[in-house]
Amino acid sequence: MELIDTHCHLTFPELVDDVEAVLQRSKAAHVTSWITVGTDTAENQKAIELAEKFDNLYVAAGIHPHEAKNVTNDDIKQLKKFAQNEKVVAIGETGLDFYYDFSTPADQIRLFATHLQIAAESNLPVIIHSRKSFEDTVDILDRHGAGVKKTLFHCFGYTTEKARTLLKKGFYISFTGSVTFKNAQKTCDAAKIVPAEKLMIETDCPYMSPEPMRRQKINEPALLIHIAKFLADLKKIPLENFAQTVTNNSRVFFNLPQKSSSPPLIYP
Ligand SMILES: [Zn+2]
Ligand SMILES: [Zn+2]
């Protein structure tokens with residue numbers, strides 16, 4: 001069985017000094033590829049340097065909506081450059097977060113639209129972060145996302161009806177450990193109607209360790225297996241089949257190299 005952690009933050013202080021061990025532990029728990037997500041220019045740079053050191057570690061480059069108020073023209077120039085790097089497989093996370101409101105909606109919307117433009121120009125998929133801002137997020141995607149080929153809503157926490165809206169647009173939806181929490185009925189209901197073919201999984205570590213490991217303060221990719229098991233059970237799909245489907249989705253979505261666990265057959 002192979003799993004891909006489609007959203008982790010390995011460059012954050014909780015994990016960055018221990019990446020080699022973190023990756024080893026996750027390999028022992030079936031996680032064989034990772035996408036580490038940048039949240040500002042310095043993090044994007046660190047993520048690329050890290051990805052250059054490890055096989056099967058890839059980068060999503062973006063500036064988090066929380067940072068929107070601090071973004072300069074130089075940050076945008078850098079982001080366009082990062083998008084050309086061969087380890088960068090997506091633009092994001094980008095989107096809108098009206099829950100924390102660290103940056104004004106106007107600043108967030110402007111930055112989000114710029115990300116969509118860069119994703120379209122560089123022919124990369126986009127990872128969306130959206131909290132308390134569903135209608136606005138969809139509206140910006142409608143108005144500025146026409147050139148973006150593939151869209152993933154990460155850490156989905158909206159309703160079933162909203163999941164249906166995204167599926168109708170052809171978007172993918174990914175779930176974190178938050179779906180395993182005791183108070184996550186709404187997220188579970190949504191996960192039930194997302195076809196496995198449109199679903200991905202992620203830890204979003206170092207945050208939000210999944211049940212039954214929720215008390216582990218620092219989440220890490222090794223815990224992805226708990227999210228896979230939980231969702232496979234919820235959707236009544238054998239774990240192996242579920243893992244194969246979501247891993248395949250992730251490879252196709254991020255255009256990762258196909259990998260087989262056995263060496264290729266050589267014909268005489
Ligand atoms: Zn996020
Ligand atoms: Zn994140």
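# A tour of the two-zinc site and beyond

Select both zinc ions: ligand 1 and ligand 2 are 3.5 Å apart, and Glu-93 coordinates both of them. This is a predicted model, so every value below is computed from it.

**Stop 1: zinc ion, ligand 1**

Stay on ligand 1 and show its protein donors. They are Glu-93 (OE), His-129 (ND1) and His-154 (NE2), at 2.0 to 2.1 Å. Now look at where the two histidines sit. His-129 is in strand E5 (residues 126-131). His-154 is in the loop between strand E6 (151-153) and helix H7 (160-168). The two are 25 residues apart, and the pair links distant parts of the chain. Along the chain, the donors follow the spacing E-x35-H-x24-H.

Are these histidines buried or exposed? His-129 has a relative accessible area of 13%, so it is buried. His-154 counts as buried because its relative accessibility is 4%. The cut-off for buried is under 20%.

**Stop 2: zinc ion, ligand 2**

Move to ligand 2. Which residues hold its protein donors? Select His-7 (NE2), His-9 (NE2), Glu-93 (OE) and Asp-204 (OD). They lie 2.1 to 2.5 Å from the zinc ion.

Draw the angles at ligand 2. The 4 donor atoms subtend 83 to 178°, so the arrangement is irregular. To count as tetrahedral, four donors need all angles between 85 and 135 degrees.

Follow the donors of ligand 2 through the sequence next. Their spacing is H-x1-H-x83-E-x110-D. His-7 belongs to strand E1 (residues 3-8), and Glu-93 to strand E4 (residues 88-97). These two are 86 residues apart, and the pair links distant parts of the chain.

Check burial here too. His-7 is at 1% relative accessibility, so it counts as buried. Glu-93, the residue that coordinates both zinc ions, is at 2% and counts as buried.

**Stop 3: the cysteines**

Show the cysteine sulfurs. How many disulfides are there? The count comes to 0. Select Cys-188: its nearest cysteine sulfur is that of Cys-155, 13 Å away. Cys-188 counts as buried, because its relative accessibility is 7%.

Now select Cys-205. A disulfide needs two cysteine sulfur atoms within 2.5 Å. With a relative accessibility of 0%, Cys-205 counts as buried.

**Stop 4: salt bridges**

Switch to charged side chains. The count comes to 8 salt bridges. Three of them are picked out below.

Begin with Asp-18 and Arg-25. Their closest N and O atoms are 3.6 Å apart, and they form a salt bridge. Asp-18 is at 36% relative accessibility and counts as partly exposed. Arg-25, at 39%, also counts as partly exposed.

Go on to helix H3 (residues 41-53) and select Lys-46 and Glu-43. They form a salt bridge, with 3.2 Å between the closest N and O atoms. The two are 3 residues apart in the helix, so about one helical turn separates them. Glu-43 is buried, at 12%.

Helix H5 (residues 105-122) holds Arg-110 and Asp-107. Their side chains meet in a salt bridge (3.2 Å, N to O). Being 3 residues apart, they are separated by about one helical turn. Arg-110 is at 52% relative accessibility, so it counts as exposed.

**Stop 5: helix H10**

End at helix H10 (residues 239-254).

Then colour H10 by burial. Buried residues in H10 include Phe-242, Ala-243, Val-246, Thr-247 and Asn-249. Further along H10, Ser-250, Arg-251, Phe-253 and Phe-254 are buried too.

Last, step just past the helix. Asn-255 takes a positive phi of about 55° there.

Terms used:
Residues are numbered from 1 along each chain as its sequence is written. Chains are lettered from A and ligands numbered from 1 in the order in which they are written. This is a predicted model: local features need pLDDT of at least 70, side-chain atom pairs count only at pLDDT 80 or more; totals for chains, interfaces and linings use all residues. Side-chain values use heavy atoms; hydrogens and water are left out. Donors are N, O and S atoms within 2.8 Å of the metal (3.2 Å for Na, K and Ca); water is not among the atoms, so sites may look incomplete. Four donors count as tetrahedral if all angles lie between 85 and 135 degrees; four count as square planar and six as octahedral if opposite donors are over 155 degrees apart and all others between 65 and 115; anything else is irregular. Helices (H or I, at least four residues) and strands (E, at least two) are DSSP runs, numbered from the N terminus. Buried means under 20% relative accessible area, exposed over 50%, partly exposed in between (1.4 Å probe, protein chains only). A salt bridge is a side-chain nitrogen of Lys or Arg within 4 Å of a carboxyl oxygen of Asp or Glu. The expected span of a helix is 1.5 Å times one less than its number of residues.
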